Amino acid sequence: MDAVVRIQQRDGATLSLSSSLAMKWVVPAMTRAQASGLKLTLNVDDELTEFGPSSASNAAIRFGPGPYPGLFATVLSRCFAIPVSSGSLASSLMSGERRAVLLRDTRAEMDDPDNSWEQYLGAERYGEGPFDTSVTFERTDVAIQAAIGGMGHALARSLLFESDLEAGLLVNSGPPKPVASKYWLVTTYDFAQTDAFEKLSSWLAAEVRLSKQIFSKHRSERYSGNSL
C-alpha cells in the first residue's frame, strides 16, 4: 500500500511508516501535529524504506529487533502484545467460558513470532484451548477493526489500539506480554542533526507517552499484567 498524506508543506520531515501504524496511531494524532507546528509528510508503505538520493522519505518508523547499521536509530517505544475485543467478548478469552474466536494477523506473525496467538497463549494452551482460529487477516489495523465489530479477539501491539480504548470501542481482554521487537525511529546521520528531525522526534515521543497514559487509564484491572 502506497499513500501520501501531507500536513502543511514538504520542507519539514517526511516520515515513512506502515499502513497499520499510520491508520491506528499517527493519522488520528494529526491535529496535535498541526497544533505543535510540525511540518510533516507521511509516506505510507508496508515495504522497508531505503534511504538514498532518490528516497521520498528522510525518516522512518521501523518495527524490529534493531539496531540498523549505517543509520541513526533510536528506540521510539518498546512493544507489548495485548488481546483486545469488544466489551461483550472480553471475558471469553482467558476464562474459557465459551469458544473464543482468535483473529489471526499473518503479517504481524511474519514481522515477529511473538505476535502470534500460539506464542502469546503458549503452545499447549493454544493447541488444546476452545479457540476458533479460522479468521485471518494480513493487516493489524483490519484485525483490530474486526475486533471492534465483535468478530473476536485481535492480538494488538502497543500504539495500535489505545485510541480505540479511549473511544470505548475496545477493551483489553488479556494481560500485555512483551514482544522482542521494538518501534524504532530511524534516519540518516545527516538528517538526525536537523531541527526538523528534532521536532519530529519530540512530537513522536509525546505521542508515545500519551498512548501509555491512555492504556494505564483504561486497562482492565483483571488483565493489568506488565506495565507498559
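Predicted model: local features only at pLDDT ≥ 70, side-chain atom pairs only at ≥ 80, totals over all residues.
**Exercise 1.** Which residues of the largest nonpolar core touch the most other members, and what is Trp 25 in contact with?

*Solution.* Start with the core itself: it has 56 residues, and Trp 25, Ile 61, Phe 161, Tyr 183 and Leu 200 touch the most other members. Now zoom in on Trp 25. Skipping neighbours within four places in sequence, its contacts include Ile 61, Leu 76, Leu 159, Leu 204 and Val 208, along with Ser 20, Glu 207 and Ser 211. Apart from this core lies another one, of six residues, with Ala 60, Leu 71, Trp 184 and Val 186 among them.

**Exercise 2.** Classify the ring pair of Phe 63 and Tyr 183: stacked, tilted or edge-to-face?

*Solution.* First, the distance: the ring centres are 5.2 Å apart, and pairing needs them within 6.5 Å. Next, the angle: the planes sit at 50°, so the pair is tilted. Then place the partners: Phe 63 is in strand E4 (residues 59–64) and Tyr 183 in strand E11 (residues 177–187), so to speak 120 residues apart. Last, check burial: Phe 63 has 19% relative accessibility and counts as buried, and Tyr 183 is buried too, at 1%.

Notes
Residues numbered from 1 in each chain as written. Heavy atoms only, no water. Core = buried A, V, L, I, M, F, W, Y, C linked by side-chain atoms within 4.5 Å. Buried < 20%, exposed > 50% of the residue type's maximum accessible area, 1.4 Å probe, protein only. Contact = heavy atoms within 4.5 Å. Phe/Tyr/Trp six-rings, centres within 6.5 Å; stacked < 30°, edge-to-face > 60°. Helix = DSSP H or I, 4+ residues; strand = E, 2+ residues; numbered from the N terminus.
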